[in-house]
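Trainee: I am new to this structure and would like a short tour. May I put some questions to you?
Mentor: Please do.

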Amino acid sequence: MRMSIKGYEGKYDVTIDGRIFSLNYNNTGKEKELKQRINKRGRAYVNLSINGKYTSLMVHRLVAETFIQRNDSCLEVNHIDGDKSNNNVLNLEWISRKENIKHGVKNNLFPLEFKNAKCKLSNKQVIEIREKYIPLKYSMSMLAHDYNVSKKTISDILNFKRRKKVK
């Protein structure tokens, strides 16, 4: 099954299995399936154009917005089987941010140290910080700059107020 993409009616179609088609590829009048690229987070996206202006859009969102009805409280698209490359409509659902994080934790879709969605540093980085710190030689300010976190975060790590179990 194929349907027009909202906002791109007559230009692009999406299928229930996540394929995207240009209906007038490069103004040739020919139809062509678009190449999908993978972003840093492992999700497929395509570039769609209107009047020469390109926009990158996530394939899973295009499928969900086209084929799955949602209510106002559900803002995120979840891959039910945890496979980000499976953009089939049967594998997608609209859920809240909280439900999406719960699903990821329950199904071990996050590395262990990143089960807190706000976590910026891996366990390895926390250990490195504790090993590198030498007062008056390699300061908390230098560590904060190197790891792109606040001086308070470095202080809390060094004093075991954060990441107590990481040694």
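**S96 and the chain around it**

Trainee: Which residues does S96 touch, not counting residues up to four places away in sequence?
Mentor: S96 touches S73 and C74; contact means heavy atoms within 4.5 Å. This is a predicted model, in which local features need pLDDT of at least 70 and side-chain atom pairs count only at pLDDT 80 or more, while totals for chains, interfaces and linings use all residues. Residues are numbered from 1 along each chain as its sequence is written, and side-chain values use heavy atoms, with hydrogens and water left out.

Trainee: And where is S96 found?
Mentor: S96 lies in the loop between strand 9 (92–95) and helix 2 (97–106). Helices (H or I, at least four residues) and strands (E, at least two) are DSSP runs, numbered from the N terminus.

Trainee: Is S96 buried or exposed?
Mentor: S96 is buried, with a relative accessible area of 19%. Buried means under 20% relative accessible area, exposed over 50%, and partly exposed in between, with a 1.4 Å probe and protein chains only.

Trainee: How many residues of the chain count as buried?
Mentor: Of its 167 residues, 32% count as buried.

Trainee: Changing topic, what pattern does the chain follow along the sequence?
Mentor: The pattern reads β-β-β-β-β-β-β-α-β-β-α-α-α-α. The radius of gyration of the chain is 22 Å, well over the 15 Å that the globule rule gives for 167 residues, so the chain is more spread out than a compact globule. That radius is taken over C-alpha atoms, and the globule rule is 2.2 Å times the number of residues to the power 0.38.

Trainee: What does the C-alpha trace span along its principal axes?
Mentor: The trace spans about 70 × 35 × 25 Å.

Trainee: How many bridges join strand 1 to strand 2?
Mentor: Three bridges join strand 1 (residues 2–4) to strand 2, and the two run antiparallel. Two strands pair if DSSP finds at least two bridges between them. R2 stands opposite T15 in strand 2.

Trainee: And what about strand 2 and strand 3?
Mentor: Strand 2 and strand 3 (residues 20–22) also pair in the antiparallel sense, over three bridges. Y12 stands opposite S22 in strand 3. Their hairpin has four residues between the strands, and G18 takes a positive phi near 90° there.
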